[in-house]
Amino acid sequence: MKGAKTKKRKKWEKNDWQLLSMASLSVIFLAMFAYLPMFGLILAFKDGDGVLNINNAIFNSKWVGFDNFLEFMRDKEFTNVLWNTLGLNLISLIFTFPAPIIFALLINEIRSRKFKTTVQTITFFPQFLSWVIYGGIVLALINMDTGVLSKILVKLHLISSETDIIAEPKYFWAIVILTNIFKGVGWGSVIYLAAICGLDSALYEAAELDGANRFQKMWHITLPGILPTVIVYLLLSISGLLNNGVEQIFVFQNQLNLSASEVIDTFVLKYGIRNNMYSYATAIGFFKSVIALVLILGSNFIAKKITGEGII
């Protein structure tokens, strides 16, 4: 329309270019270390095992289709490895996912700022320790000769006699789950505490005027308020049901508990990477990625149907 004023485009300033440059670094990082390596997925469909030069494995190897995937599924250890991976992660999800949420709710109810800061500092600290150090401390505590845990369990009549707990496959999953909770509960609560801080304080004041106690305010205001955050993290956790912390598993894994501790990630590292079985390892990784995509799309669909919240 003639005579209508056109909106003048804002001229880029020096600060805008600086922000663009900083943001571009993250894009370049993702492109180099997340998207560019995806070209190597072609190895999953080639026979590149045993080839020392990875470039030759990618470009000059024979095309074999889905043979690497079938080889993994026919492997005699496939059932046990898949069972350990899914079983450990499902049980871990049941216990470790709600732990930071509950902890954040409890921390939020502490009135003393000094005490709250002290508790958060103590619970955050294990997150900054590597699994080598943290796991070494745990191994020292549960060792039958030098540790005290076995003796305490005998005193509590939870076990009949002192035993080398880390050597028993039946205790391995419990060790992994409990150490995960103690190491990550403080750090995992940060995002939920941030979400709680963003809630409108007027809601709590109105509830208090209506006679609501602290538990009722937590149940009817705090939890619904952080539900979108909870849903997002739940969906991301579900998509990672085939992922295990390799460092944690390796720290506690030994030949005696291998029947319960061998998961897909350690299987790939041992038989795929160490033996130059590049195609075999890539096929397993591709298999995990496809399952993760299906899980996150399926769980997102269900979550949106039930709660109306999702990430897609």
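Predicted model: local features only at pLDDT ≥ 70, side-chain atom pairs only at ≥ 80, totals over all residues.
Is Glu208 buried or exposed? Glu208 counts as exposed, because its relative accessibility is 51% and the cut-off for that label is over 50%.

**The largest pocket**

- Start with the largest pocket, which holds about 970 Å³ of space.
- Its lining is made of 32 residues, and those closest to the centre are Ser92, Thr96, Phe97, Asn180 and Ser237.
- Six helices each bring at least two residues to this lining: H4 (78-96), H5 (98-108), H9 (169-188), H10 (190-197), H12 (214-239) and H13 (246-252).
- Helix H9 supplies the largest share of the lining of the largest pocket, with eight residues.

- Next comes the second largest pocket, with about 450 Å³ of space.
- Here 19 residues form the lining, and Val138, Ile142, Leu149, Ile175 and Leu178 lie nearest the centre.
- Helices H7 (131-142), H8 (149-155) and H9 are the elements that give two or more residues to the lining of this second pocket.
- Once again look at H9, which gives the most to the lining of the second largest pocket, namely six residues.
- The lining of the second largest pocket counts 17 nonpolar residues and two polar ones, with no charged residue.

**Salt bridges**

- Glu208, the residue from the opening question, forms a salt bridge with Lys217, and their closest N and O atoms are 3.7 Å apart.
- Lys217 is buried because its relative accessible area is 12%, whereas Glu208 is exposed at 51%.
- A further salt bridge pairs Lys270 with Glu262, with 3.7 Å between the closest N and O atoms.
- In that pair, both Lys270 and Glu262 are buried.

- A nonpolar surface patch of about 1000 Å² is made by Leu25, Ile28, Phe29, Leu30, Met32, Phe33, Tyr35, Leu36 and Met38.
- Ile28, one of the residues in this patch, lies in helix H1, which covers residues 14-35.
- Ile28 counts as partly exposed, because its relative accessibility is 48%.

**Distances in sequence and in space**

- Asn300 lies in helix H16, residues 278-306, and counts as buried because its relative accessibility is 6%.
- Asn300 and Gly310 are 10 residues apart along the chain, and their C-alpha atoms are separated by 5.5 Å.
- Asn55 belongs to helix H2, residues 54-59, and counts as partly exposed because its relative accessibility is 46%.
- Between Asn55 and Val294 there are 239 residues of separation along the chain and 31 Å between the C-alpha atoms.
- Pro126 is found in the loop between helix H6 (113-124) and H7.
- What makes Pro126 count as buried? Pro126 is buried because its relative accessible area is 15%, and the cut-off for buried is under 20%.
- Pro126 and Phe78 are 48 residues apart in sequence, and from C-alpha to C-alpha they are 34 Å apart in space.

Definitions and conventions
Residues numbered from 1 in each chain as written. Heavy atoms only, no water. Patch = residues over 30% accessible without salt bridge, like charges linked within 9 Å, V, L, I, M, F, W, Y side chains within 5 Å. Areas by Shrake-Rupley, 256 points an atom, 1.4 Å probe, with all protein chains shown as cover. Salt bridge = Lys/Arg side-chain N within 4 Å of Asp/Glu carboxyl O. Helix = DSSP H or I, 4+ residues; strand = E, 2+ residues; numbered from the N terminus. Buried < 20%, exposed > 50% of the residue type's maximum accessible area, 1.4 Å probe, protein only. 1 Å grid on protein atoms, 1.4 Å probe; cavity = no way out; pocket = protein on both sides within 12 Å on 5 of 7 lines; lining within 4 Å. Points joined across faces, edges and corners; volume = space filled by probe spheres on them. Nonpolar A, V, L, I, M, F, W, Y, C, P; charged D, E, K, R; others polar.
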